[in-house]
Amino acid sequence: MIKRATFSLLSLALATGCSAYSSQETAATASTQTQAARSGAVSSADPRATAAGEAILAKGGSATDAAIAVMLALTVVEPQSSGIGGGGFLVRADGNGGELLTYDGRETAPRAATGTRFLDDDGERLTRETRVLSGLSVGVPGNLALAARAHAAHGKLPWADLFQPAIKLADEGFRMNVRLNESLSGRNKGRAGLTREARAVFFGTDGEPLPVGSIVRNDDLAEALTDIAESGAEALYDRNAEDLAEYIAEKTPRDGKMVTSDITSYVAKLRDPVCADYREYKVCGMGPPSSGGVAVAQMLAQLERFDLAALGPESANFWHLFLESQRVAYADRELYIGDSDFVSVPVAGLVDPDYLASRSALISPAAAITDLKAGTPPGAPLARADGDEPPENGTTHFSVTDADGNAISYTSTVEGAFGSGLFFGGFYLNNELTDFSSTPVRDGKPVANAVEGGKRPRSSMAPTIVFDATGEPVLVIGAAGGPTIPVQVARSIIGVVDFGMSAQEALGLPLIMAFGDTVVIEQGTQLENMQDQFQALGHAQIRPFGPPLKANALRRTESGWEVATDPRIAPKLVYTR
């Protein structure tokens with residue numbers, strides 16, 4: 001087994017001069033602090049996953065190796081958010097000035113799926129329970145295929161080595177922290193405990209979630225991870241494909257059921273990155289089926305003509321401009337973004353500087369736009385209608401760099417908390433297909449994000465790498481929180497670039513977001529005191545917002561990499577109340 005301590009303790013000592021931590025609870029607290037690591041670094045949403053990545057770096061692994069180890073460890077300790085039963089997007093920057101690569105491990109619909117998958121015989125939307133807590137919502141998992149393809153291209157250590165930290169966590173057990181305990185409770189309880197197998201892992205004999213501090217063991221997951229470590233990703237996509245397909249099909253009440261060939265034919269794809277200039281930096285992220293790269297690029301480019309540094313984060317005028325840029329970008333997102341293997345997506349037009357200048361001209365410092373519509377970028381399809389889909393929130397992000405200067409920004413998800421609730425081989429299966437629009441046509445026009453067989457649903461995930469004028473990565477960032485993800489990422493980039501903040505400070509900036517004509521503001525923040533000013537600027541509908549936000553980042557400094565974790569989740573990572 002790989003031991004966790006060596007690199008983690010060394011990086012802490014180099015960065016801060018502080019003594020090494022000696023208990024799990026102290027580790028959970030320490031890993032949420034801003035640190036600078038000299039020989040690579042890891043930022044994730046759980047200290048045990050961070051330690052898994054650090055252990056791989058200490059063994060001589062690449063950033064890709066470490067990122068895969070983090071993804072696998074999060075499957076064990078953060079099952080509510082991501083795992084091998086879900087999918088993700090990975091952005092990789094080469095430390096030697098090589099090509100920027102983006103990997104698409106988004107889930108796919110069964111080949112037999114149709115555009116009316118989530119509608120009943122009368123054309124009405126099926127109940128949420130039927131849509132989500134069934135095989136209807138499950139896409140072919142993509143994370144392992146993504147990991148295998150990225151490892152083949154960029155891995156340094158043997159595939160099996162990357163699994164050892166996660167296997168140890170599943171086999172020997174890990175302590176239940178506050179965050180997982182709260183996720184297993186309340187409105188998520190029914191989904192998390194949908195199956196007898198899941199209840200046996202995460203719940204006690206009284207039917208309640210295991211208490212904070214208790215040891216959680218997952219023997220089935222340890223066995224599955226051991227099998228995949230020894231046999232490769234083929235263990236899921238070949239040898240166990242029939243069993244997985246049959247399990248999902250049994251839970252699918254209507255429309256196209258998954259079959260073995262849906263799983264055996266799955267391919268993680270290389271996609272073209274989406275890049276745009278902002279100030280003296282270049283910001284790069286994922287293209288379709290992710291909407292994140294385009295949305296982040298559009299928001300930043302539309303704001304570049306404003307002196308945001310002079311306004312600052314204490315100004316309601318800044319937040320107003322940021323809101324307006326969101327609204328303009330998301331109008332385009334709803335109309336145009338989908339799986340580019342199935343629909344024409346005018347990516348180049350959406351980030352064209354002239355087009356973005358025209359869209360920026362719509363934004364006024366004095367008042368909100370009253371009649372906002374999607375634009376017509378170069379290459380736009382002639383007929384398209386807005387879609388609709390529920391926001392995803394079972395997502396996690398992690399950032400990794402190594403001693404060779406390679407950088408990985410990886411966002412992973414199962415969609416909703418605990419995905420579909422279906423549990424196979426010790427891990428939760430995603431409910432990503434509910435990210436599709438529920439109807440294929442609206443007002444007689446096709447919807448870009450409609451369900452089709454083999455198609456990947458649109459995502460909000462926005463793994464992002466920011467480069468300086470010399471081409472060096474200076475910020476490796478991403479977030480979780482459904483449609484808020486691009487907003488969190490853009491806000492944090494502005495915090496670092498315009499406001500001169502550390503990454504930790506930037507991640508802690510409050511959230512404000514426009515959902516159509518409604519503005520939501522994060523509860524308990526300075527934004528609550530600005531409501532009158534927002535209303536005077538034309539934002540009439542304002543309501544409080546308290547979603548599960550979390551972002552992670554690495555920022556290059558003169559002394560090394562600053563490791564930043566969203567301060568909102570830090571108090572919930574401890575193992576005692």
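Buried means under 20% relative accessible area, exposed over 50%, and partly exposed in between, with a 1.4 Å probe and protein chains only. Keep that handy for the whole tour.

This is a predicted model, where local features need pLDDT of at least 70, side-chain atom pairs count only at pLDDT 80 or more, and totals for chains, interfaces and linings use all residues. Residues are numbered from 1 along each chain as its sequence is written, and side-chain values use heavy atoms, with hydrogens and water left out.

**Stop 1: salt bridges**

Start by selecting Asp227 and Arg239. They form a salt bridge, with the closest N and O atoms 2.3 Å apart. Asp227 sits in helix H11 (residues 219-231) and Arg239 in helix H12 (residues 234-239), so the pair ties together parts that are twelve residues apart in sequence. Asp227 is partly exposed at 22% relative accessibility, and Arg239 is partly exposed at 48%. The rule for a salt bridge is a side-chain nitrogen of Lys or Arg within 4 Å of a carboxyl oxygen of Asp or Glu. Helices (H or I, at least four residues) and strands (E, at least two) are DSSP runs, numbered from the N terminus.

Next, pick Arg333 and Glu334, whose side chains meet in a salt bridge at 2.4 Å, N to O. Here Arg333 is buried at 7%, while Glu334 counts as partly exposed at 21%. Then try Asp94 with Arg92, a salt bridge with its closest N and O atoms 3.3 Å apart. Asp94 is partly exposed at 23% and Arg92 is buried at 7%.

For a group selection, take Asp104, Lys269, Arg271, Asp339, Asp341 and Arg456, which are linked in a network of salt bridges. The search of the whole structure finds 33 salt bridges.

**Stop 2: the disulfide**

Select Cys275 and Cys284 and show the sulfurs: these two form a disulfide with their sulfur atoms 2.1 Å apart. A disulfide here is a pair of cysteine sulfur atoms within 2.5 Å, and the count by this rule comes to one. The link of Cys275 and Cys284 is right-handed, with 115 degrees about the S-S bond. Cys275 is partly exposed at 29%, whereas Cys284 is buried at 2%.

**Stop 3: a cavity**

How many cavities of 30 Å³ or more does the structure hold? There are two. Head for the second largest cavity, which has a volume of about 60 Å³. Among its lining residues are Thr75, Val76, Phe202, Leu221, Phe423, Phe427 and Tyr428. Helix H4 (63-77) and strand S13 (427-428) are the elements that give two or more residues to this lining. By class, the lining has seven nonpolar, five polar and no charged residues.

The bookkeeping: on a 1 Å grid over the protein atoms alone, a cavity is a set of points where a 1.4 Å probe fits but cannot get out, and lining residues have an atom within 4 Å of a point. Points are joined across faces, edges and corners, and a volume is the space filled by probe spheres set on them. Ala, Val, Leu, Ile, Met, Phe, Trp, Tyr, Cys and Pro count as nonpolar, Asp, Glu, Lys and Arg as charged, and the others, Gly among them, as polar.

**Stop 4: helix H13**

Now color residues 241-250, which make up helix H13; its buried residues include Leu244, Tyr247 and Ile248. What do the buried residues of H13 pack against? Look for H12, helix H14 (260-264) and strand S12 (423-424). Contact means heavy atoms within 4.5 Å.

**Stop 5**

Most residues other than glycine have a negative phi, and most peptide bonds are trans. Select Glu415, in strand S11 (residues 407-415): its phi is near 85 degrees, a positive value in a residue other than glycine. Glu415 is buried at 3%.

Asp443 also has a positive phi, about 55 degrees, although it is not a glycine. You'll find Asp443 in the loop between strand S14 (441-442) and strand S15 (445-446), exposed at 74%.

Then go to Pro288 and Pro289, where the joining peptide bond is cis, with omega near 15 degrees. Pro289 is in the loop between strand S9 (281-285) and helix H15 (292-303).

**Last stop: a loop proline**

Finish on Pro211, in the loop between helix H10 (196-202) and strand S6 (215-216). Not counting residues up to four places away in sequence, Pro211 touches Met176 and Asn181.

Conventions:
1 Å grid on protein atoms, 1.4 Å probe; cavity = no way out; pocket = protein on both sides within 12 Å on 5 of 7 lines; lining within 4 Å.
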